[in-house]
Amino acid sequence: MQTSPDARHLAALQRHWKLNRAFPSMAKLAGAMGLSSTSSVFAAVGRLTEAGYLERQDGRIAPTTKFFGRAILGSVRAGLPQPAVQEEAAELLTIDDYLLPHPERSSLVRVRGDSMKDAGMLDGDIAIVEHNSPYGPGDVVVAVADGGLTVKYLQRDAEGWFLEAANPEFEPIRPSGDLEVIGVVVGSFRRRR
């Protein structure tokens with residue numbers, strides 16, 4: 001598949017940012033971008049700035065939200081194969097925009113164990129927890145029950161609030177003392193490789 005020079009320059013800048021979390025001077029960017037002169041770096045950076053991937057801050061370049069966006073190339077069936085169709089204009093989406101509806105009150109926790117496997121949360125997954133969010137029966141929450149931290153379904157019955165696993169091998173947790181909801185799990189993710 002052919003890619004434009006600016007797409008290759010953007011990819012090079014994204015790789016550099018992932019490794020260093022900063023951009024060097026324009027002169028040193030030439031090497032990172034595979035360019036031979038600072039004038040070609042200025043031209044490429046100018047086009048990427050115009051396209052909304054970069055911005056200037058205090059005389060230096062910085063990534064914008066669009067810089068971290070990834071193209072959604074359409075949909076794919078999980079059942080029978082569908083005819084492959086090339087999308088004309090791909091939608092850009094950042095992982096943060098998709099997973100963190102309220103980044104200012106969100107955090108991540110690593111899931112340990114298999115008590116939530118039937119809810120699709122496996123050992124090693126990362127759960128996105130939204131703090132100071134309304135919750136109710138049926139929500140997956142991170143909670144402290146009698147001093148122990150866990151992730152479970154929050155449930156309520158005639159006896160009061162309790163925590164329920166998404167795995168029949170685990171008994172419900174009915175706290176004898178305090179039950180504090182730390183936050184609601186709004187998503188989770190894992191790496192395949």
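How are H1 and H3 oriented relative to each other, roughly parallel or roughly perpendicular? I started my notebook here, keeping in mind that this is a predicted model.

**Entry: H1 against H3**

I looked up the axes of H1 and H3 and found them 10 Å apart, with a packing angle of about 90°. Angles of 65 to 115 degrees count as roughly perpendicular, so I wrote down H1 and H3 as roughly perpendicular to each other. On the H1 side, the residues are Asp6, His9, Leu10 and Leu13, and they meet Ala44, Arg47 and Leu48 in H3. Sorted by class, I get four nonpolar, one polar and two charged residues for the contact of H1 with H3.

**Entry: H1 against H2**

Next I checked H1 (residues 5-20) with H2 (residues 26-33). Their axes cross at roughly 105° and come within 9 Å. H1 and H2 are therefore also noted as roughly perpendicular to each other. H1 brings His9, Ala12, Leu13 and His16 to the contact, while H2 brings Leu29, Ala32 and Met33.

**Entry: two residues of H1**

I picked out histidine 16, which sits in helix H1. Is histidine 16 buried or exposed? Its relative accessibility is 18%, so histidine 16 counts as buried. Setting aside neighbours within four places in sequence, I find histidine 16 in contact with Arg21, Ala22, Phe23, Pro24 and Ala32.

Proline 5 is in helix H1 too. Proline 5 comes out at 43% relative accessibility, so I have it down as partly exposed. I also took a C-alpha to C-alpha distance from proline 5 to threonine 65: they are 21 Å apart in space and 60 residues apart in sequence.

**Entry: the cores**

Which residues have the most contacts inside the largest nonpolar core? I noted Leu13, Phe23, Leu29, Val41, Leu54, Ile61 and Phe67, in a core of 16 residues. H1, H2 and helix H3 (38-50) each put in at least two residues of this core. There is also a second, separate core of ten residues, with Val111, Met116, Val142 and Val185 among them.

I then went back to leucine 13. Not counting residues up to four places away in sequence, leucine 13 touches Phe23, Leu29, Met33, Leu48, Leu54 and Phe67.

**Entry: the E1-E2 hairpin**

I moved on to strand E1 (residues 54-57) and strand E2 (residues 60-63), which pair antiparallel over four bridges. Leucine 54 has proline 63 of E2 as its bridge partner. The two strands form a hairpin with two residues between them. I checked aspartate 58 in that turn, and its phi is positive, about 50°.

**Entry: the six-stranded sheet**

What is the order of the strands in the open sheet? I read E5-E6-E10-E7-E8-E9, six strands with antiparallel pairing. Strand E5 (106-110) and strand E9 (160-164) are the edge strands, each pairing on one side only. From one strand to the next, the twist averages 50°.

Inside this sheet I looked at strand E6 (residues 126-130) and strand E10 (residues 179-189). They run antiparallel, joined by five bridges. I found alanine 127 opposite serine 188 in E10. A reminder to myself for viewing strands: in a regular strand the side chains alternate between the two faces of the sheet.

Note on methods: Residues numbered from 1 in each chain as written. Predicted model: local features only at pLDDT ≥ 70, side-chain atom pairs only at ≥ 80, totals over all residues. Heavy atoms only, no water. Axes fitted to C-alpha atoms, helices over the stretch in contact; angles between N-to-C directions. Parallel < 35°, antiparallel > 145°, perpendicular 65-115°, else oblique. Contact = heavy atoms within 4.5 Å. Core = buried A, V, L, I, M, F, W, Y, C linked by side-chain atoms within 4.5 Å. Buried < 20%, exposed > 50% of the residue type's maximum accessible area, 1.4 Å probe, protein only. Pairing = 2+ DSSP bridges. Nonpolar A, V, L, I, M, F, W, Y, C, P; charged D, E, K, R; others polar.
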